[in-house]
Amino acid sequence: MFSWPPLRTPPVACCSQQGEILTMALILNVLSPRTLGKLFTNTRVRHHSSLTTELINNMDKKATWDRFYTENSKATNFKNFEWFFGFDAIRDFILPMLHSLPNSDALHVLDMGCGTSALGPCIYRYSPWPVQVTCADISAIAVRLMQEHTETKALQPQNTSSKLDFLELDCTHLHKHFGSESLDLILDKGTIDALLRSREGGAKASWVLKQCLKVLKASGSLLQFSDEDPDARMLWLEKEGREPGVMAADVGVQEVGELRGVTYYCYQVTARPVAQ
């Protein structure tokens, strides 16, 4: 369905505290069960925090993420926290894709479940075409941290018509904030994965997927980054994106590349109306 450049391997972030390394490793293990052994090979584990336990069980809860970002904000210097990989790994796909989308005005891009990732701000900064980037997260703490960080950095867009905003939003309520066929591109880097691997998040994940397809324009796409094997994820996306008599989900997949021993994929999902 689309062509993908090789994954750029970004440098591994250095964490100064054992607790931060442990938390990051165990969070990634929730999202990627086969990764734990590789991460622990070079990490000396000293304790298992209550926050990690909460994340493993309740990644679909607002209180969990408020606590996570509150504890991570105690460090002196702000650091973007990236699930999987950052903007540099996929910029050679994201920017050409934006260029290929039809538009008469700024393209509206949603980074769904942005956390404190630099993905949305980097799209705003580096897109030569006008974009309106909305970074949305359920955690008010994450939203505040990102607002403060971007204001401090005084980011300047390559296109002076581009806009960047941050929004506190539960992604299960997308339809309450975005109208039908109002978005050109939705980026999901770990959000639906987190829901699917939560104790009570399965139904929420299905509901979020359906809402994404409804708020996308006919020419728009949902790009979902995950390490889950295509044999399982494509079937799930096609099944849960289907609404009898209303729409079906067309799904394409491309291997992004391997990073730290784990293979990642991008699933491109578009909605197709179904004749009554």
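User: Phenylalanine 85 and tyrosine 264: buried or exposed?
Analyst: Both are buried. Buried means under 20% relative accessible area, exposed over 50%, partly exposed in between, with a 1.4 Å probe and protein chains only. This is a predicted model: local features need pLDDT of at least 70, side-chain atom pairs count only at pLDDT 80 or more, and totals for chains, interfaces and linings use all residues. Residues are numbered from 1 along each chain as its sequence is written, and side-chain values use heavy atoms, leaving out hydrogens and water.

User: How many aromatic pairs does the structure hold?
Analyst: It holds 12. Rings of Phe, Tyr and Trp (its six-membered ring) pair if their centres lie within 6.5 Å; planes under 30 degrees apart count as stacked, over 60 as edge-to-face, the rest as tilted.

User: Why is the pair of phenylalanine 81 and tryptophan 83 edge-to-face?
Analyst: Their planes are at 80 degrees, so the pair is edge-to-face, with ring centres 5.0 Å apart. Phenylalanine 81 is buried at 10% relative accessible area. Tryptophan 83 is buried too, at 9%.

User: Which residues form one aromatic cluster with Phe81 and Trp83?
Analyst: Trp65, Phe68 and Tyr69.

User: New topic. Where does the charged end of arginine 91 sit?
Analyst: Over the ring of tyrosine 126, 4.7 Å from its centre. The criterion: NZ of Lys or CZ of Arg within 6 Å of the ring centre and within 35 degrees of the ring normal.

User: And the charged end of arginine 233, over which ring?
Analyst: That of tryptophan 236, 5.9 Å from the ring's centre.
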